Amino acid sequence: MHFRLTLTCALLGASLIGAQAAKQEAKAVPSPLQKAAHASNSFGSSLYRALADRPDNLFVSPYSISVALSMARAGALGETADQMDRVLGTKGFDASQAHEALRAGLQPRRIRDGHRRDASKVDTYELSVANRIWVQRGLRLETRFERIQRTRYAAPLAHVDFKKTALVRKEINDWVAARTHERIQDIVPEDLPTPDTLVALANAIYFKARWAESFREAATQEAPFTNLAGKKKQVSMMRRTDWMMHAETQDAHIVELNYLGGDCSFCLVLPKKVQGLKSLEKKLSAATWDSWMGQLRARRIALQLPRFKFTSAFELSNVLGEMGMKAPFSPKEANFEGITKEKPLYIGVVLHKAFIPLHETGTEAPAAT
């Protein structure tokens, strides 16, 4: 099977962010929530295009990546800060303030679920976002940087000795695993962190939601699925015929599946041609996505969707450099004196791992950076 998925603000809360944005429509100045949503979607589509040449399944959380990088951006100065802003889409506004607004805006509503006396109050979906910083023992951080991490990112500080690499690796991996319901394991490999590491920043996100209308398990049957190479493979294919939001463009079908409560949704994009995925991916942008969402109309659809699960893992420093974020990774050019003035810092690695199972009752999507 071959899947391309991007977990970003558009997928996490399209309806929710849209509703919030509508309230701000009359205002001349966009709200921090609107700015953060636009930045995340722009960064997400650019990152997706940069990763799309990978031959295997692809699942990525630009939201998690942008949060971790924005935490570092809070201590960047000069050209380092400018490059991070351009790539992250945060030029001209305070990324930490926007992140705080987005985190608040993505909190789920509570609704009644069930019938009559059996109904109970439940969250429309489960979403948790956690941040943390590990700092070399004895290194003094700048007061402003510490305050931003504490107040805007809710990131507690831990002092460790990075020369004891195995212990620190276990501490970071255990923290990530605990905050992703044990779904993201061993994000830091055995050769990291290096003994000269001074600061490690981490984000972990966990999303879980039930479909508004589940697929019947009895309807799931083995059926052929055509992969990127044009070859067919037998897979477990879920089936549902119902009214769904649908759009059709010159080269694709788009179907939106609502989660419980309708505050967020899972959007499927199917190329019309068997070999049409590559050309479709090249067109992907925040503007394209907005256009697709604007064309959705209710239609009765006979949907067949493979049941699947897989993990994607990346080291993103080269990809981010190709996107225009070169200075932060250069020992000679990086300027993170807003984090500490005691030692020159640069970003050594950006590790990212994301996991998704999709089945008859819903979706789970943990990720960490």
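For a chain of 369 residues, a compact globule would have a radius of gyration near 21 Å. The protein has 21 Å, so the value agrees with that of a compact globule. The model is a predicted one. Its C-alpha trace spans about 65 × 50 × 45 Å along the principal axes. The secondary structure comes to 10 helices and 16 strands.

Burial and contacts were then examined over the whole protein. Buried residues make up 52% of the 369 residues. Among contacts with a separation of 6 or more, 73% join residues 24 or more positions apart. The charged side chains number 52 positive and 39 negative. The centres of these two sets lie 3 Å apart.

Helix H6 covers residues 143-151. Within H6, Phe-145, Ile-148 and Gln-149 are buried. These residues lie on the same side of H6, because they cover an arc of only 95° around the axis. Thr-143 and Arg-150 are on the other side of H6, and both are exposed. The buried residues of H6 are covered by several elements. Two helices are among them, H3 (62-73) and H5 (95-105). The cover also includes strand S5 (126-136) and strand S7 (199-210).

Strand S5 holds Arg-132. Arg-132 has a relative accessibility of 18% and therefore counts as buried, the cut-off being under 20%. Ala-204 is 72 residues from Arg-132 in sequence, and their C-alpha atoms are 8.9 Å apart.

A further position was examined in helix H2, which runs over residues 32-51. Leu-33 has its place in this helix. With a relative accessibility of 10%, Leu-33 counts as buried. Between Leu-33 and His-99 there are 7.8 Å in space, C-alpha to C-alpha. In sequence, Leu-33 and His-99 are 66 residues apart.

Conventions: Residues numbered from 1 in each chain as written. Predicted model: local features only at pLDDT ≥ 70, side-chain atom pairs only at ≥ 80, totals over all residues. Heavy atoms only, no water. Buried < 20%, exposed > 50% of the residue type's maximum accessible area, 1.4 Å probe, protein only. Helix = DSSP H or I, 4+ residues; strand = E, 2+ residues; numbered from the N terminus. Arc of directions from axis to C-beta. Contact = heavy atoms within 4.5 Å. Rg over C-alpha atoms; globule rule 2.2 N^0.38 Å. Lys, Arg positive; Asp, Glu negative; His and termini not counted. Charge placed at Lys NZ, Arg CZ, Asp CG, Glu CD.
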